[in-house]
Amino acid sequence: MDALSLLLLPATRPARPALHLRDAAAAAAARVPPPRLPWSRAVARRLLSTSVAAVAAETPRAEDAPSASGKEERFDWLDQWYPVAPVCDLDPGAPHGKTVLGLRIVAWFDRTTAAADDGGGEWRVFDDSCPHRLAPLSEGRVDDKGRLQCVYHGWCFDGRGACQFIPQAPALGPAVHKNSKACVASYPCVVQNNILWFYPRSEPEYKEILQRKRPPYIPQIDDPSFVTVYGVRDLPYGYDVLVENLMDPAHVPYAHKGLMRTRKKEDPGRVEFDKEGGVPLKMEIEETNVEGFLSMLDRGFFKFVAPCTFYGSPLQTPSQDDQGKEKKKKQPTVMLVFLCIPVSPGRSRLVWAFPRNVGVWMDKIIPRWYYHIGQNAILDSDIYLLHIEERNFATVGLDNWQKACYVPTSSDNMIITFRNWFRKYCKHQIGWATPITNQLPPTPSKDQLLDRYWSHVMQCTSCSGALKKMKVLEVALQVASVAVVGFLAVAKGTVVTSVVQRSAVVAAAVLCFAASRWLANFIEKNFYFQDYVHAYK
């Protein structure tokens, strides 16, 4: 198997908190090495060897198991870290607006606290609302002093959220910029695994939240022997549907037909086969609690760390044996890391990171936007299915999910476990950070559902940069084709005298024009919109 195909393994598909208060003394960003997640490779190897039936037994309801304290546990959506975006997709020279848990935030790079000689700085996350007239700060700019400036009236803020300058205030008048009402709420944030995370509470008591609680940490991403491909995309369906879909490996050969390579497995006693190659999938659920659960597959594992992180490896790749002795040869490893972000009802965002220690050389010659072509095609192929599925769920009610959905096989075990978790600890509700109407938006046209430009390209520095260069090349090819024809008309009978020469010039013009048309079609399909019709796959 080639290294690129390892990113598209069939075990999953590539497929998001709460009062917010303005506070002058808000939390600053920090880069602190976090602890590893509490799972052991030795335990994973032991669990992996456990045999499981191909057909799922009746799954008990999660609420039937009382907590150790006898009290009902509830998941606190506001006491969590949420990813904003990969740092590679954040331009330090401009603010970036995002919505998480219904909360509008702005991320920007603060150089006001950096030493003048080292050119450093830190990422900050603010409430995306200027205290003056509530204009969005994400539409602002970073000024020449490194402050975040609101472009409506020019108010400037430092990294703590304190107002530093109000142009309309007289220099010899009262220092109105020092009033607490002139401050903007600043949220604790940290860069970890090359991803910017934030904590959705701005009160002073949460300033040191990193000392108590940290984002989930994936050590392979920071391992220098690994390379990681990052990506981000907004999706027109909700958080719970996104997580459920990522936990469903059985849909891969059907919903993503022709896009992902699948391995054919033997199924003793089977007499009917389809060309897609769907087979029983073995998985066993372990360690289920309010913080998530672990799922062991027949050849690997996946772990859900609530609310955002779903990661694992389709292959078991231990680096040490039980006695701690290192293996003589390092095992090839591909990790699939998905960060599922609730944006608003019917909207979610997926951030993915695929660290691997195989085919490392490929990253030196293959740009990130090229990987995104295939990854976006995979997301496109089931967007419409999931968008409509979510509305069907709303019609029957999530309380009736297990009655409305027939899930008899072990391939649905992760989905059932997640739905049980969502019911027991969340009551089928996301704890939005702001008052919000829990109503799904209307269904747009299919070209809007499958839009790539606003949902991905404009958020991805690699894809947006490639798009600009391709558009320049497209225009250059068109100009060249016209210039060649003009040259032929002027030089006819002088420079271009023979039939062979005229034919060569005409061929060059035709090739330039054809190349420009091919490039225009490539741009449209890969950076804007390409329909996906399952019937013809």
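**Note on the salt bridges of a predicted model**

1. Arginine 419 and glutamate 244 meet through their side chains in a salt bridge, 2.7 Å from N to O. Arginine 419 sits in helix α7 (residues 413-426) and glutamate 244 in helix α3 (residues 239-246), so this pair ties together parts 175 residues apart in sequence. A salt bridge here is a side-chain nitrogen of Lys or Arg within 4 Å of a carboxyl oxygen of Asp or Glu. Helices (H or I, at least four residues) and strands (E, at least two) are DSSP runs, numbered from the N terminus.

2. The model is predicted: local features need pLDDT of at least 70, side-chain atom pairs count only at pLDDT 80 or more, and totals for chains, interfaces and linings use all residues. Residues are numbered from 1 along each chain as its sequence is written, and side-chain values use heavy atoms, with hydrogens and water left out.

3. The cut-offs: buried is under 20% relative accessible area, exposed is over 50%, and partly exposed lies in between (1.4 Å probe, protein chains only).

4. Helix α3 is mostly covered: eight of its eight residues are buried. Glutamate 244 is one of them, and others include Tyr239, Asp240 and Leu246.

5. Aspartate 380 and arginine 233 also form a side-chain salt bridge, at 2.7 Å from N to O. The pair links distant parts of the chain, 147 residues apart: aspartate 380 is in helix α5 (residues 368-396), arginine 233 in strand β12 (residues 227-235). Aspartate 380 counts as buried at 4% relative accessibility. Arginine 233 counts as buried at 0%.

6. Aspartate 128 pairs with arginine 104 in a salt bridge, and their closest N and O atoms are 3.7 Å apart. Here 24 residues separate the partners: aspartate 128 lies in the loop between β4 (122-127) and β5 (141-142), arginine 104 in strand β3 (residues 103-110). Aspartate 128 is buried, at 5% relative accessibility. Arginine 104 is partly exposed, with a relative accessible area of 48%.

7. Which residues are linked in a network of salt bridges? Asp110, Glu122 and Arg124 are.

8. How many salt bridges does the structure hold? The count is 17.
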